[in-house]
Amino acid sequence: MAPIAFYDLVLDTPNEIWSPNTLKARIALNIKGLDYETKWLDFFGIHSEIPDVTNNGKRPTVPVIVDPQHDDKAVQDSWEIVKYLDKTYPDTPPLIVGNNEALQFFFYNYCNTNILFPVFKLCVLTIQKRCPTTAIQEWFRKDREAFFKMTLETFAGDEQVQIDAIKSGLAFIHTTLKSYPYLSGEKVGFADVVLASCFKMLSALRSDLFEATFLNAYPDTVLRDWWNQMEKYTKDAPPAKPHL
Ligand SMILES: N[C@@H](CCC(=O)N[C@@H](CS)C(=O)NCC(=O)O)C(=O)O
């Protein structure tokens with residue numbers, strides 16, 4: 001059977017997994033053990049190719065998946081992709097478990113504001129430098145500076161301020177993981193997918209800050225133990241099934 005086509009965003013290093021939005025869809029595919037093939041696009045490729053894939057008139061972004069098992073259905077947006085995969089592949093591990101869709105959506109938004117936003121500030125200058133061509137570097141700076149209404153350097157701000165913000169955003173996450181193996185309870189769920197995408201982004205783009213900011217944010221192994229369970233889902237294919 002043809003694999004699901006999964007569109008991801010590349011910087012200057014082929015096959016490098018780093019983007020927090022595409023990671024949410026990738027981690028979901030990996031937890032579910034679904035077969036997929038990554039199609040790497042740079043920022044310009046997103047704008048030239050995705051409109052023809054999605055045909056929905058929306059601003060082109062990744063992740064997008066195209067599912068050949070279901071009439072080549074195209075789904076855009078990580079949250080929509082995870083809901084689609086749960087519904088379409090009910091025999092795979094569900095990520096929005098039971099009747100908790102709104103709670104998972106709450107955590108997704110919590111994490112975007114309190115963890116991903118400061119992580120993005122720590123990474124933004126690296127992303128800009130590592131866009132694969134000078135033209136894309138210039139476009140990225142212009143586009144984001146117009147959006148944030150300030151220079152990227154001003155937006156990035158003081159690293160310690162971002163690290164402190166992440167630590168405070170992690171407080172109740174840490175409390176939760178002291179009592180449960182996953183943020184979603186006994187089994188991995190979408191909240192874990194969302195947080196893991198932030199961990200992976202920082203470890204890929206700012207490995208110099210990763211341990212101190214996330215793994216050693218608290219003087220115990222709670223966050224490290226959780227990451228040890230999650231990291232295997234951030235790779236380019238589902239983890240190998242154990243031989244029985
Ligand atoms: N809410 C969307 C956000 C997607 C998004 O912003 N993706 C970025 C890559 S990380 C993108 O495609 N940007 C294209 C652009 O900036 O023009 C999701 O979760 O899928």
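Into which domains is the chain divided? The chain of this predicted model falls into domain 1 (4-88) and domain 2 (101-234), with bounds that come from an automatic or database domain assignment. Residues are numbered from 1 along each chain as its sequence is written. Local features need pLDDT of at least 70 and side-chain atom pairs count only at pLDDT 80 or more, while totals for chains, interfaces and linings use all residues.

Colour the two domains separately: the centres of domain 1 and domain 2, taken over C-alpha atoms, are 20 Å apart. Their contact takes 18 residues from domain 1 and 22 residues from domain 2, two residues being in contact if their C-beta atoms, placed from the backbone, lie within 7 Å.

Next, select helix 1 (20-32), which gives seven residues, the largest share, to the side of domain 1 that touches domain 2; helices are DSSP runs of H or I, at least four residues, numbered from the N terminus. That side of domain 1 divides into 13 nonpolar, one polar and four charged residues, where Ala, Val, Leu, Ile, Met, Phe, Trp, Tyr, Cys and Pro count as nonpolar, Asp, Glu, Lys and Arg as charged, and the others, Gly among them, as polar.

Then show the ligand, whose surrounding residues include Phe43, Asp77 and Trp79, each with its C-beta atom, placed from the backbone, within 6 Å. Helix 2 (43-54) and helix 3 (78-88) each give two or more residues to this shell.

Finally, select helix 8 (residues 190-205). Because 15 of its 16 residues are buried, helix 8 is largely enclosed by the rest of the structure; buried requires 20 or more other C-beta atoms, placed from the backbone, within 10 Å of the residue's own.

Key
The expected span of a helix is 1.5 Å times one less than its number of residues. A residue is buried if 20 or more other C-beta atoms lie within 10 Å of its own, exposed if 12 or fewer, and partly exposed in between; C-beta atoms are placed from the backbone.
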